[in-house]
Amino acid sequence: MIVAYIDGGARGNPGPAGYGVRIQTPDGTLVDELHGALGIATNNVAEYNGLLAALQWALDHDVRRVHIHADSELLVKQMRGEYRVRNPGLQPLYVRARLLVAQLDDVKFEHVRREFNTEADRLSNLGMDEAEERLKNC
């Protein structure tokens, strides 16, 4: 089992966007850190990209049980089935996430307060920095 802290953000919403993922063991030992630039996107799109990166990492590393920690209450409630996904821009990301979840044995979603998600936030800021840099060079 792994614990994945995920985050995503956009400067301007929409704006230069990125995601970050901290993957660790249940006792807190760091396993991996991921981040990525997304170009121009919304905060919610960036959050979903963090989730997709974490789920894909688990599949790529043959990890079958994942505990997702996210500070996006919207994402957590949508993935738990408590909220419907109405935003057309999020629907394909949600469907992709559901398909990845279906390939795993056990995925739990937990909402955490922002102050308990600082490492994933730091990583998502790296992704946003990269997105800004790429957009400047276009």
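Here's a quick briefing on the nonpolar core and the salt bridges of this structure. Keep in mind that the model is predicted. The largest nonpolar core takes in 37 residues, and the structure holds twelve salt bridges.

- The elements giving two or more residues to the core are the strands β1 (2-10), β2 (15-24), β3 (30-41), β4 (65-70) and β5 (106-111), plus the helices α1 (43-60), α2 (73-80) and α3 (91-102).
- Helix α1 is the top contributor, putting eleven residues into this core.
- As background, nonpolar side chains in soluble globular proteins tend to be buried together.

**Salt bridges toward the end of the numbering**

- K108 pairs up with D106, with 3.1 Å between the closest N and O atoms. K108 is partly exposed at 41% relative accessible area, and D106 is partly exposed too, at 23%.
- R113 and E115 form another salt bridge, their closest N and O atoms being 2.5 Å apart. Here R113 is exposed, at 52%, while E115 is partly exposed, at 45%.

- R122 and E119 meet through their side chains in a salt bridge, 2.8 Å from N to O.
- Both sit in helix α4 (residues 118-136), and because they are three residues apart, about one helical turn separates them.
- R122 is partly exposed at 34% relative accessibility, and E119 is partly exposed at 31%.

Terms used: Residues numbered from 1 in each chain as written. Predicted model: local features only at pLDDT ≥ 70, side-chain atom pairs only at ≥ 80, totals over all residues. Heavy atoms only, no water. Core = buried A, V, L, I, M, F, W, Y, C linked by side-chain atoms within 4.5 Å. Buried < 20%, exposed > 50% of the residue type's maximum accessible area, 1.4 Å probe, protein only. Helix = DSSP H or I, 4+ residues; strand = E, 2+ residues; numbered from the N terminus. Salt bridge = Lys/Arg side-chain N within 4 Å of Asp/Glu carboxyl O.
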